[in-house]
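This briefing is intended to be read beside the sequence and the structure shown below. Each group of points treats one topic and may be checked against the display.

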Amino acid sequence: MESITGTSIGVTIGMTIILMGFCAFMTGQAIANTWRSSYQLLPYALLLGLVDRFMVYALFEGELLSLSGYIFDTVILFAIMLGAFRLTQVNKMLSQYPWLYERVGPFAYRAREGADVR
């Protein structure tokens with residue numbers, strides 16, 4: 001695992017998943033709350049990946065220029081961000097239009113039977 005991320009597994013879990021994952025979750029929620037497109041998640045995920053790489057380097061003496069570590073961290077952060085975005089988007093649609101949509105799962109909704117959704 002250290003050859004992929006450039007740091008130990010503890011640093012990866014603590015810094016990338018917990019600390020930066022929280023930042024990614026909040027970013028996904030903010031983008032969904034302002035009704036922005038999901039395409040805006042990618043630049044923010046790329047920037048958070050850079051911040052994560054720098055924090056690992058500055059605090060834990062990890063590799064700064066580890067391409068595989070950057071890609072690994074960015075994919076994890078993008079997945080967290082996308083999940084938060086979709087969860088928030090579904091909750092907003094269901095709370096603002098309860099007569100039109102019903103929940104199918106935590107990440108999906110559908111039009112109610114008989115509702116005229118165009």
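In this predicted model, the count of salt bridges comes to 3. One of them joins the side chains of Arg-53 and Asp-73, and Glu-102 forms one with Arg-110 and one with Arg-112.

**Salt bridge between two helices**

- The side chains of Arg-53 and Asp-73 meet with an N to O distance of 3.1 Å.
- Arg-53 belongs to helix α3 and Asp-73 to helix α4, so this pair ties together parts that are 20 residues apart in sequence.
- Both partners are hidden from the surface: Arg-53 is buried, and so is Asp-73.

**Salt-bridge network around Glu-102**

- Glu-102, Arg-110 and Arg-112 are linked in a network of salt bridges.
- In the bridge between Glu-102 and Arg-110, the closest N and O atoms are 2.8 Å apart.
- In the bridge between Glu-102 and Arg-112, the closest N and O atoms are 3.6 Å apart.
- The pair of Glu-102 and Arg-112 links distant parts of the chain, 10 residues apart: Glu-102 is in strand β1 (residues 101-105), whereas Arg-112 is in the segment after β2 (108-111).
- Glu-102 is partly exposed, because its relative accessible area of 23% falls between the limits of 20% for buried and 50% for exposed.
- Arg-110 is likewise partly exposed, with a relative accessible area of 46%.
- Arg-112 is also partly exposed, and its relative accessible area is 34%.

**A buried lysine without a salt bridge**

- Lys-92 is situated in helix α4 (residues 67-96).
- Lys-92 is buried yet has no salt bridge.
- The nearest side chain of opposite charge to Lys-92 is that of Glu-102, 21 Å away; a salt bridge requires the nitrogen and the oxygen to be within 4 Å.
- Apart from neighbours within four places in sequence, Lys-92 is in contact with Ala-32, Asn-33 and Trp-35.
- Ala-32, for its part, touches Phe-85, Thr-88, Gln-89 and Lys-92, when residues up to four places away in sequence are not counted.

**Nonpolar cores**

- The largest nonpolar core has 10 residues in all, among them Met-20, Ala-32, Leu-48, Leu-77 and Phe-85.
- The elements that give two or more residues to this core are α2, α3 (41-60) and α4.
- Helix α2 gives the most to this core, with 4 residues.
- A second, separate core has 5 residues, including Met-93, Leu-94, Leu-100 and Tyr-101.

- Met-1, Ile-9, Ile-13, Ile-17 and Ile-18 make a nonpolar surface patch of about 450 Å².
- Within this patch, Ile-17 has its place in helix α2 (residues 9-33).
- Ile-17 is partly exposed, and its relative accessible area is 37%.

- Ser-3 lies in helix α1 (residues 2-5).
- Is Ser-3 buried or exposed? Ser-3 is exposed, because its relative accessible area of 68% is over the 50% limit.
- Ser-3 and Gly-69 are 66 residues apart along the chain, while their C-alpha atoms are separated by 8.4 Å.

Notes. Residues are numbered from 1 along each chain as its sequence is written. This is a predicted model: local features need pLDDT of at least 70, side-chain atom pairs count only at pLDDT 80 or more; totals for chains, interfaces and linings use all residues. Side-chain values use heavy atoms; hydrogens and water are left out. Patches are made of residues with over 30% relative accessible area and no salt bridge: like charges are joined within 9 Å, nonpolar side chains (Val, Leu, Ile, Met, Phe, Trp, Tyr) within 5 Å. Accessible areas come from the Shrake-Rupley method with a 1.4 Å probe; for residues, only the protein chains shown count as cover. Buried means under 20% relative accessible area, exposed over 50%, partly exposed in between (1.4 Å probe, protein chains only). Lys and Arg count as positive and Asp and Glu as negative; His and the chain ends are not counted. Contact means heavy atoms within 4.5 Å. A nonpolar core is a set of buried Ala, Val, Leu, Ile, Met, Phe, Trp, Tyr and Cys residues joined through side-chain atoms within 4.5 Å.
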